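Here are my notes on the model you passed along. Have it open on your screen while you read, and go through the points in order.

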Amino acid sequence: MTDLPLIHYLYQALNSEHGIVISTSNPERLRQKLYAERKKDPELACISINISRTQPESEIWLTKR
């Protein structure tokens with residue numbers, strides 16, 4: 001993950017075909033922050049924020065529902 005604003009990742013997922021993967025050292029903390037950012041724009045409600053099933057210690061998946 002870079003120093004881009006978190007909202008950037010949500011819009012990147014929205015504009016992708018299926019979604020994106022974000023690498024992080026603390027997936028649960030990042031997920032909570034992304035939920036807060038997603039609430040700011042109703043257009044982002046279609047993005048699911050999930051801890052990776054294959055790399056739960058280091059990845060978050062932002063996918064379109």
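1. Strands β1 and β3 pair in the antiparallel sense, over five bridges. Strands here are DSSP E runs of at least two residues and helices are H or I runs of at least four, numbered from the N terminus; two strands pair if DSSP finds at least two bridges between them. Within this pairing, look for Ser-23, which stands opposite Glu-59 in β3.

2. Before going further, a word on the ground rules: this is a predicted model, where local features need pLDDT of at least 70 and side-chain atom pairs count only at pLDDT 80 or more, while totals for chains, interfaces and linings use all residues. Residues are numbered from 1 along each chain as its sequence is written, and side-chain values use heavy atoms, with hydrogens and water left out.

3. β3 also pairs with β2, again antiparallel and over five bridges. There, Ile-51 has Ile-60 in β3 as its bridge partner.

4. Neighbours within four places in sequence aside, Leu-34 is in contact (heavy atoms within 4.5 Å) with Leu-6, Leu-10, Ile-22, Ile-49, Ile-60 and Leu-62.

5. How many salt bridges does the structure hold? There are two, taking a salt bridge as a side-chain nitrogen of Lys or Arg within 4 Å of a carboxyl oxygen of Asp or Glu. In one, Glu-28 joins Arg-31, with the closest N and O atoms 2.7 Å apart; these residues sit three apart in helix α2, so about one helical turn separates them.

6. The other links Glu-37 and Lys-40, closest N and O atoms 2.9 Å apart. Glu-37 counts as buried at 18% relative accessibility, whereas Lys-40 counts as exposed at 60%. The cut-offs are under 20% relative accessible area for buried, over 50% for exposed and partly exposed in between (1.4 Å probe, protein chains only).

7. Finally, check Glu-59 in strand β3. Glu-59 is buried yet has no salt bridge, and the nearest side chain of opposite charge, Arg-53, is 11 Å away (Lys and Arg count as positive, Asp and Glu as negative; His and chain ends are not counted). Beyond its sequence neighbours within four places, Glu-59 has contacts including Val-21, Ser-23, Pro-27 and Asn-50.
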